[in-house]
Amino acid sequence: MASTMTSPSSIIDFVINKGNGVKGLSDLGLKSLPKQYIQPLEERISTASFGIKNSEESVPIIDMSNWDDPKVAEAICSAAEKWGFFQLVNHGVPIEVLENVKEATHRFFELPAEEKSKNSKERSCSNNVRFGTSFSPQAEKALEWKDYLSLFYVSEDEASALWPPACKDEVLEYMKKSEILIKRLLDMLMKRLNVKEIDQEKEGLLMGSRRINLNYYPICPNPELTVGVGRHSDVSTLTVLLQDQIGGLYVRGGTDKKSWIYVPPVKGSLVINIGDALQIMSNGRYKSIEHRVAANGSKNRISVPIFVNPRPSDLISPLPEVLASGEKAVYKQVLYSDYVKHFFRKAHDGKSTIEFAKI
Ligand SMILES: CC(C)(COP(=O)(O)OP(=O)(O)OC[C@H]1O[C@@H](n2cnc3c(N)ncnc32)[C@H](O)[C@@H]1OP(=O)(O)O)[C@@H](O)C(=O)NCCC(=O)NCCSC(=O)/C=C/c1ccc(O)cc1
Ligand SMILES: O=C(O)CCC(=O)C(=O)O
Ligand SMILES: [Fe+2]
């Protein structure tokens, strides 16, 4: 099979059109990376330092056991300002729920291509369920070494009816059990912005819609030539990210704000990051930080982000409470679905998406 698949168009046909994804390529045991996946030099991730702490600085690890203690809120808000990323331990989401969702993710991606591709953009019976590969293959000059299942949550009933049976129960449980944590985090972050209470209207604006992605990064023949996910910031309010023990996530940070800082897997933890919507609503106080994922030459990696978002119909802009002291708005009002469409229609390009909302 591998030998018959040498032309660029047959690779694309096999991976994208036939729904085999990069997992299909990886399973064939390819010895070298197809050229569509070769990233320009400046986008490649040196794996020489892979898994090794590459600087004195690292993303804060915050213990949430005493979530009521003002010191916890202080640590979270400071991390959101300085790093835009932090890891949480003792976050209240049961470890078993996290283990189950990881297992369900493997179960889904182990399904035959024919079964998975029933959820492709072309064949899915709903826009809210989508199996795909790379990020935006039509827009990308170089593809990313990742397959995904993206599930937009509307209601429990809709999810039960439409989400793939291989993973839906575990994914729904993860969403349900993470809700208290999400509310606690938003409560702390809002208090620091002088938002005293999250009423129904604010709750809708901050967390009115959620999308969960199951990401699969199969073993890659030449990991140093490509990426799992290219440089981007999330367009969410905040993202709750579950990663397995394999590693590969890097975030932009450090004293010079330009280094790539490795986020080591911490057993039982959840990674939290601020997204563009909250950077806009906080008028830049909380930072949505660029991040990227390396490909791996010896292990299959998974991750499961929950993107906590405004509703598509929401207008987002700096919050009145933030501007009350006379601070000048640096972002204009944008319709959230326009913002997300803008993000999805281009290749990953670092922090560029937010230009769309700059005054
Ligand atoms: C505006 C949406 C996204 C699409 O609505 P639509 O225009 O009626 O539906 P389309 O199916 O025509 O999608 C528009 C484009 O976006 C693409 N797209 C539609 N969902 C998807 C999808 N989950 N995945 C990757 N392309 C998609 C889709 O392929 C299409 O591209 P194109 O065919 O070239 O016009 C709509 O679903 C919406 O408002 N959703 C609610 C908000 C929402 O989902 N927010 C997501 C937050 S996601 C986030 O923060 C980070 C995501 C992320 C994801 C991957 C990464 O590598 C890194 C980050
Ligand atoms: O796989 C990861 O660790 C991060 C993935 C990511 O950044 C995303 O899906 O937006
Ligand atoms: Fe991301």
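Me: How do the residues of the shell around ligand 1 divide by class?

Reply: Classes are assigned by residue type: Ala, Val, Leu, Ile, Met, Phe, Trp, Tyr, Cys and Pro count as nonpolar, Asp, Glu, Lys and Arg as charged, and the others, Gly among them, as polar. Here the shell around ligand 1 divides into 11 nonpolar, nine polar and seven charged residues. This is a predicted model, in which local features need pLDDT of at least 70, side-chain atom pairs count only at pLDDT 80 or more, and totals for chains, interfaces and linings use all residues. Residues are numbered from 1 along each chain as its sequence is written, chains are lettered from A and ligands numbered from 1 in the order in which they are written, and side-chain values use heavy atoms, with hydrogens and water left out.

Me: How many residues surround ligand 1, and which are the closest?

Reply: A residue is near a molecule if one of its heavy atoms lies within 4 Å of it. For ligand 1 there are 27 such residues, the closest being Lys 121, Arg 130, Gln 138, Ser 150 and Arg 211.

Me: Which elements each supply at least two residues of that shell around ligand 1?

Reply: Helices (H or I, at least four residues) and strands (E, at least two) are DSSP runs, numbered from the N terminus. The elements in question are strands E4 (147-153), E5 (209-217), E6 (229-232) and E12 (301-309), together with helix H11 (336-344). H11 gives the largest share, six residues.

Me: What polar contacts does ligand 1 make, for instance through an oxygen atom to Arg 130?

Reply: A polar contact is a pair of N or O atoms within 3.5 Å; within protein, one must be able to donate a hydrogen and the other to accept it, and residues adjacent in sequence count only if both atoms are side-chain atoms. A polar side-chain atom of Arg 130 is 2.9 Å from an oxygen atom of ligand 1, and a backbone N or O atom of Ser 236 is 3.3 Å from an oxygen atom of the ligand. A nitrogen atom of ligand 1 lies 3.3 Å from a side-chain N or O atom of Asn 309. The protein covers 83% of the 1,100 Å² of accessible area that ligand 1 has on its own, by the Shrake-Rupley method with a 1.4 Å probe; for residues, only the protein chains shown count as cover.

Me: Which protein donors does the iron ion (ligand 3) have?

Reply: Donors are N, O and S atoms within 2.8 Å of the metal (3.2 Å for Na, K and Ca); water is not among the atoms, so sites may look incomplete. The iron ion has His 232 (NE2), Asp 234 (OD) and His 291 (NE2), at 2.1 to 2.2 Å. Their spacing in sequence is H-x1-D-x56-H. Asp 234, in the loop between E6 and strand E7 (238-243), and His 291, in strand E11 (residues 291-293), link distant parts of the chain, 57 residues apart.

Me: Is Asp 234 buried or exposed?

Reply: Buried means under 20% relative accessible area, exposed over 50%, and partly exposed in between (1.4 Å probe, protein chains only). Asp 234 is buried because its relative accessibility is 6%; His 291 is buried too, at 6%.

Me: Where does ligand 2 make polar contacts, one of them with His 232?

Reply: A polar side-chain atom of His 232 lies 3.1 Å from an oxygen atom of ligand 2, and one of His 291 lies 3.0 Å from an oxygen atom. For Arg 301, a side-chain N or O atom is 2.8 Å from an oxygen atom of ligand 2. The protein buries 95% of the 290 Å² that ligand 2 exposes when taken alone.
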